[in-house]
Amino acid sequence: MFCKNCGAQLADGAQFCTSCGAKVASAVQQPQQVQPQQVQPQQAAAPQEAKPQADAKAKVKPLNKKVVLGIVIGGCALLLAIIGLVIFLALNKYKTINLNDYIRTGDEVFTGVEGYGSVDYAKILDSDKLENDVCDAIEQFDDSTRDYILESFGVGHIEFDKDSNLKNGDEIKLTWKDINKDVYKESYGVIFDYSETTLKVSGLGDAEGVDVFEGVTVKFSGRNGEGYAEIDPGENKYGVDFELDKESDLSNGDVVTVSFDADSFMSINNYEYKAQATSKQFKVEGLTEALVTADQITDSMLVALQDYTRKKIKTEAAGWESGEKLVDTNYVGVYVLHRKDDVTSGTINEVYVIYQDTISVDGKTAKILDAVRFDDVQIDPATGSIKNSDSEEDNYLNGYYSNTVAVYIGDVTFYGYSSMEEFEKQEIESQINGYTYSKI
């Protein structure tokens, strides 16, 4: 037999050509290789061996369309599988650490009491677990690099939409801020992933309710319409800083509010107590009322006015020259002038207390009227006293001489009035346009 590739003669049954190495089909032999003398009649059928091949070739049928379609689909599926495998391998080239996996939830991350709870930032992040996972993900780096990475993704990058004044059941949103998730992707092969998440507040206890305003009072002073308020905190055993919504220009019947900062109170008291109320109202009262008419003057008020006036007159007389003497002084009456409502300037009222003095000058005697004036006279409704100053002392008065007319006794000049008519003309009629008046 001979090699079909190079024509070299081969031994019978050889499977490969010893000359060129080509594979030999042992089942096929060339006709010319058979020696004529060796051919037996019964071997004449040998050339017929090629006939089945020819017949087989003649019997090959066209491929079915469904088969072709199946082959195409299978090929496409195989191609897609290969592409998916490539993408999968590419994506899994990097390790991913999801920061949300290290956020603690539940009672342990909230502190305080109901309504005043807060997030405990020291416990919100499981830093130990994060550190361990970072160490596992990043194999070759020193401690300083690890610390830097942990700081880059630590609790300082956590932000809540609300982290104080919490109550059980509140839902608060946690977001990560100032984080570049791919900053260590190429250098360490790690991606830090994260997303916004929601935590539900739980585990807050309830503080003891207390009356913070126990013993707190407000003192009012001054005149009606111009009054002042001052807080007296009393014992103030909870250390609260009280505040007034209005401290001046007060009138009787007004209402002022005393309040305090609830958060500050809770913090000062280590969240052990809860205020039953954070504000309290007080009604303004006890401010002095301006004297309007003479008939408001009670007997005790009149005595106070008379006593002051007599002392004023006697003190003045004590400084007279030798030969000048106050023999006697007697009460005559009181005039009250009150400013009209449409007048905005001048004192609210003027009170004149009139005395008649008997004076001796070198043995000669004469009578003149002395007038002592008191401005802005007020009545204290709490005590029924009269005063014309902001002093807390009852019946505290401050008057001065209003005498404007010269009266002569001998060669000595005194200032006063020779009659009530003259007093009214000088002091009352001159102010009648701006004041109403009454007398007793």
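The following legends describe an overall view and two close-up views of a predicted model. In this predicted model, local features require pLDDT of at least 70 and side-chain atom pairs count only at pLDDT 80 or more, whereas totals for chains, interfaces and linings use all residues. Residues are numbered from 1 along each chain as its sequence is written, and side-chain values use heavy atoms, with hydrogens and water left out.

**View 1. Overall content of the protein.** The protein contains 8 helices and 24 strands (DSSP runs numbered from the N terminus; helices are H or I of at least four residues, strands E of at least two). Of its 440 residues, 34% are buried (under 20% relative accessible area, with a 1.4 Å probe and protein chains only). The accessible surface is about 26900 Å², and carbon and sulfur atoms account for 48% of that surface (Shrake-Rupley method, 1.4 Å probe).

View 2. Strand 12 (residues 255–259) runs antiparallel to strand 14 and is joined to strand 14 by 5 bridges. Threonine 257 has glutamine 281 in strand 14 as its bridge partner.

**View 3. The surroundings of valine 109.** Valine 109 lies in the loop between strand 1 (95–98) and strand 2 (110–111). Valine 109 is buried, at a relative accessible area of 0%. Leaving aside residues up to four places away in sequence, valine 109 touches Arg104, Ser118, Val119, Asp120, Lys123 and Ile124 (contact means heavy atoms within 4.5 Å).

Note on methods. Two strands pair if DSSP finds at least two bridges between them. Buried means under 20% relative accessible area, exposed over 50%, partly exposed in between (1.4 Å probe, protein chains only).
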